[in-house]
Amino acid sequence: MNRRRFLATLAATATAPRLALAQTPTVTLTIDTTPGPTIPADFTGLSYEAAQLANPAFFSAQNHQLIELFRGLSPNGNLRIGGGSSEFTTYSDADPTTPPPFEVFGPDTSKTVKHGTTTTALALRNLRAFLDATNWSCLYGLNLGQGTKENAAAEAVAVHRILGPRLLAFQIGNEPDSFRNRYRPATYGPADFLKEWNTFHDAIVDTTSTAKFAGPDISNKLPYLTAFAAEAPLHPDIILLTAHYYAMGPAHSPDATLDHLFDLHLHNLPVIEDAIRAAHLPFRMSEGNSCWDGGKPGVSDTLASALWCADTMLRFAQMGWVGVNLHGGGNGFYTPIAGAPSTGLTKRPEYFGIQFAQLFTGATFLPTKLIGSTPRVTAYTLKRNHHRQVVVFNKDVNPISITLPTRPQSHAQTLTGPSLESKEGISLSPIKVPRERTVTVPAHTAVVYDLA
């Protein structure tokens, strides 16, 4: 899967030397009272390849372990179906007559040999039962890259009928900004995409008049987002703007390191904000993760990725984004849930990062500043029913002391593990803390403090 860094420009800052400090530095944290965005109940999401539906048993009411793992992340999250494999799928109303081509699929990388797969009505019925069991909704992708408008319309009819209220919206195409020189000529651009999108949209609406849509589900080329946002007001059935975010990549790059993961900063946010204003629509990260092309071993499958994941989720929520869908499936290094039903499914480090961020859904951000901090330390304050919580991420190898505005309660919650490189022993754990304004945040740990 040709995963690029999200929305054009991500710049790496200089990495601080990892030297033991003579004493723990003290940082001051201040909190403003002006309320910011509230994290929606369905903010948490996962993203899976559309090819996974070629095995109707995977997303089904019989996959009890996967249901419990989804429930463990959110009581009402969002499952996005799409990815690079969605441009190789077709739909059939007929039930399959042969065994599925695989038990699990993913990740879709640059080395994946892609074969056409068929999504059947049986897979959709099973998916509906799975969504009912988890109480999740679905953002469903249709094949624009190599599909026909007729097949997309037929699939949309079935998806709309079978998923019913579990269907959030359709997406037409996956990363259309990467179609050039792959599925389209080198001259292909935003105007060409919109022309095709409208053709598919109209064919779908002709057969499913109440269908809702999201998009453009781009990889990183901003003009596509801007063009889609300008088009959106012409279509009241578009309810959501979407795009992808991968912090770095590809996985084989020598620059795809733990230091690089932590030291990236997102630029060009004004372009996203302009698109939101132009379309008068919310924005969701429909696919993303730490490193495109399946993840980087030793980075994407470590405590570092869990801390990055939780911190990034809260950062995007504070920006007002209404959700994130972390991409996974199969045995990719970055997948939050790995394995197969026949051999057992396991929680990877990112699973715990998602759980940590999920603790704050329904809460409202309060502006927070750290004075005297380093780039590896970030903090957020959230308020719920007059109760404030301060969340501190210390992604460094040394502890740090922070002076809070008021004394915390004696209990706190942590996301931690033996080291940043740890692949095992990662957990969410309650701890006792002294009821003093100055607290010490351990190295490679996130802590939630309840303020008195």
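First, the ground rules. The model is predicted, so local features need pLDDT of at least 70, side-chain atom pairs count only at pLDDT 80 or more, and totals for chains, interfaces and linings use all residues. Residues are numbered from 1 along each chain as its sequence is written, and side-chain values use heavy atoms, with hydrogens and water left out.

Now, confidence. pLDDT is the predictor's confidence in each residue, from 0 to 100. The mean for the protein chain is 93. Of its residues, 94% reach 70 or more. One stretch stands apart. Over residues 1-22, pLDDT stays under 50. The model has 85 contacts beyond four places in sequence for that stretch. Contact means heavy atoms within 4.5 Å. Where pLDDT is low, the predicted coordinates should not be read in detail.

On to the barrel. Helices (H or I, at least four residues) and strands (E, at least two) are DSSP runs, numbered from the N terminus. Two strands pair if DSSP finds at least two bridges between them. Eight strands close into a barrel, in the order β3-β4-β7-β8-β9-β10-β12-β13. The pairing is parallel. Neighbouring strands here are turned by 25° against each other on average, direction ignored. Axes are lines fitted to C-alpha atoms, for helices over the stretch in contact, and angles run from 0 to 180 degrees between N-to-C directions. Take β8 and β9 as an example. They pair in the parallel sense over two bridges. Gln-171 stands opposite Ala-214 in β9.

Next, an open sheet. Four strands follow the order β17-β2-β20-β23, with mixed pairing. Its edge strands are β17 (368-371) and β23 (438-441), and each pairs on one side only. The twist averages 30° from one strand to the next. Inside the sheet, β2 (residues 26-31) and β20 (residues 400-403) run parallel, joined by three bridges. There, Thr-26 has Ser-401 of β20 as its bridge partner.

Then look at β21, residues 408-416. Five bridges join β21 to β24 (residues 445-451), and the two run antiparallel. Gln-413 partners Val-448 in β24. β21 also pairs with β22 (residues 427-432), in the antiparallel sense, over six bridges. Ala-412 has Ile-431 of β22 as its bridge partner.

Buried means under 20% relative accessible area, exposed over 50%, partly exposed in between (1.4 Å probe, protein chains only). Helix α4 (residues 190-207) has 18 residues. From first C-alpha to last, α4 reaches 26 Å, close to the 26 Å expected at 1.5 Å a residue. That expected span is 1.5 Å times one less than the number of residues. Its buried residues include Phe-193, Trp-197 and His-201. Among the elements covering the buried residues of α4 are α3 (149-163), β8 (167-172) and α5 (222-231). Helix α9 (residues 349-358) is mostly covered, with ten of its ten residues buried. Among them are Pro-349, Tyr-351 and Gln-358.

Cys-291 is in no disulfide, and the nearest cysteine sulfur, that of Cys-309, is 15 Å away. Cys-291 is buried, with a relative accessible area of 0%. Cys-309 is in no disulfide either. At 1% relative accessibility, Cys-309 counts as buried.

Notes
A disulfide is a pair of cysteine sulfur atoms within 2.5 Å.
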